[in-house]
Amino acid sequence: MSSSVSVASVPRLVIAAPSSGSGKTTVATGLMAAFAARGLAVSPHKVGPDYIDPGYHALATGRVGRNLDAYLCGPESVGPLFLHGARGCDIAVVEGVMGMFDGAAGEGELASTAHVAKLLRAPVVLVVDASSQSRSVAALVHGFASWDPEVRVGGVILNKVASDRHEDLLREALDSAGVPVLGVLRRTAQVDTPSRHLGLVPVAERRAAAVEAVAAMAAQVAAGCDLAALAELARGAGVLSCAAWDAAEALGAAPPDPHRPEGPRPQTPPEGGPPDGLKDADRPVVAMAGGPAFTFSYAEHAELLTAARAEVVPFDPLRDEQLPDGTRGLVIGGGFPEVYAAELSANEPLRKAVAALAETGAPVAAECAGLLYLCRELDGLPMCGVLDAGARMSERLTLGYRDAVAVSDSVLAATGTRMRGHEFHRTVVEPGAGAAPAWGVRAPAPRVEGFVQQGVHASYLHTHWASEPGVARRFVERCRTS
């Protein structure tokens, strides 16, 4: 491929921690912003399926925050997706997930921060919450640095340090651990970011306050960390031998639909040219929900749709009373419709427009929040009524990776298509599946879930289309023919 050689040696760091709540987001986001403030082009990344942290990363760097998930996309995709995001950048910062060695349940190291760091051949900076320890910090850091010899812990940043005396005790203890202290951050409320039932409040819901928070993170990291030493550590990352992921190339390499006649695979189109001989004029408009209520989306989805020659047009269901002109397909990702249920319900013209589009059989792909929006009601408030199902908030958190197989032909996948996904919600949809379910899921217990009806595919499952690019191609093809 012609798309990656120039970025294969981009300097990079992985920001990890012994556990959640140690301060990874503060350090990673602050470090991104501090490097950017010094004129560097910074590539921001997040390990795992998290949609919220990348929004803060985007504020810090001015670039799209991207996820690196070895479970959803496969270990072989981590390097290419990283290089795709890092094109043209001077340095990359990768925020880890949970504790450094915590991965997919029952799958060993798979999808852990340590696993991704090894796949990226990147040095790790360990962020330690030192608020309740002194000499013990050396044992903790030594354990994490020596647990897996393939993971290179190149430094530690001490977070929530109480005083100069506390810092002296920590530094003295770490002198014997063999891991340099690259930063010390004091306790401060200025960089705190509000949370609720699914984690941090997204940037789209508090942009002005988020800008201030990111600026505070940058100031704290710049004052407390050795940026020159961190940049030097990043330059010591190993060279990646893979090629950068490319949406058009991914579509050309995707396997054919098993329900279509055998034939030659579509070839990658020439630069700027249409695929499969299509005219540029035949670019169906795919409306993609956004705004504060629908903030969960992987950047690669829009890129794949665009590479498949769709015109992706964003819209905000809280504000826009009509779908974009010429809409022939609709993608509604995840987010927090339960927080905005009243406002979504009050926008009756758009609810009716969505229902009318679905009634024509046009392709509609809805994940999690999108599923709720298509229901008859959410917490007693009218929604689009595309699905004969009701949704409500629940006290129970549903969370985890899922292995799934398509059990009904749909605009996204042929029966038998296997994909991996992720669930993360505190809502319940009743019934949980339609007459034609979307997916069969094996764990935590075998079940079917979701809805396939006419052109609608609606499910709780968040999927990453880079793992199965044919999903985007199939969706756009259906938009052209519906």
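## Salt bridges

In this predicted model, R319 is exposed, with a relative accessible area of 69%. Its side chain meets that of D316 in a salt bridge, at 3.8 Å from N to O. D316, by contrast, is buried, with a relative accessible area of 11%. A search of the whole structure finds 21 salt bridges.

E95 and K46 form another salt bridge, in which the closest N and O atoms are 3.3 Å apart. E95 belongs to strand β4 (residues 91-95) and K46 to strand β2 (residues 42-47), so the pair ties together parts that are 49 residues apart in sequence. Because its relative accessible area is 1%, E95 is classed as buried. K46 also counts as buried, at 4% relative accessibility.

The salt bridge between the side chains of D164 and R186 has an N to O distance of 2.7 Å. D164 lies in helix α6 (residues 164-174), whereas R186 lies in strand β7 (residues 181-186); the pair therefore ties together parts that are 22 residues apart in sequence. D164 is exposed, with a relative accessible area of 52%, and R186 is partly exposed at 30%. Elsewhere, a network of salt bridges links E109, K118, D148 and E150.

## Aromatic pairs

The structure holds seven aromatic pairs. In one of them, Y71 and Y401, the ring centres are 4.3 Å apart and the planes are at 25°, so the pair is stacked. Y71 is located in the loop between β3 (66-68) and α3 (75-85), and Y401 in strand β16 (residues 390-406); the pair therefore ties together parts that are 330 residues apart in sequence. Both Y71 and Y401 are buried.

F101 is partly exposed, with a relative accessible area of 24%, while F144 counts as buried at 18%. Ring pairs also join Y51, F296, Y298 and F336 into a cluster.

## Nonpolar cores

The largest nonpolar core comprises 114 residues, of which F82 and L305 touch the most other members. Helix α1 (residues 24-37) supplies the largest share of this core, namely seven residues. Apart from it lies another core, of 38 residues, which includes L323, L357, V364 and L372.

When neighbours within four places in sequence are left aside, F82 is in contact with V10, R12, H45, L68, A92, V94, L120 and L240.

A436 is placed in the loop between β17 (418-430) and β18 (439-441). With a relative accessible area of 25%, A436 is partly exposed.

Leaving aside neighbours within four places in sequence, the contacts of A436 are S408, G450, F451 and V452. A436 and V407 are separated by 29 residues in sequence, and their C-alpha atoms are 7.8 Å apart in space.

Methods
Residues are numbered from 1 along each chain as its sequence is written. This is a predicted model: local features need pLDDT of at least 70, side-chain atom pairs count only at pLDDT 80 or more; totals for chains, interfaces and linings use all residues. Side-chain values use heavy atoms; hydrogens and water are left out. Helices (H or I, at least four residues) and strands (E, at least two) are DSSP runs, numbered from the N terminus. Buried means under 20% relative accessible area, exposed over 50%, partly exposed in between (1.4 Å probe, protein chains only). Contact means heavy atoms within 4.5 Å. A nonpolar core is a set of buried Ala, Val, Leu, Ile, Met, Phe, Trp, Tyr and Cys residues joined through side-chain atoms within 4.5 Å. A salt bridge is a side-chain nitrogen of Lys or Arg within 4 Å of a carboxyl oxygen of Asp or Glu. Rings of Phe, Tyr and Trp (its six-membered ring) pair if their centres lie within 6.5 Å; planes under 30 degrees apart count as stacked, over 60 as edge-to-face and the rest as tilted.
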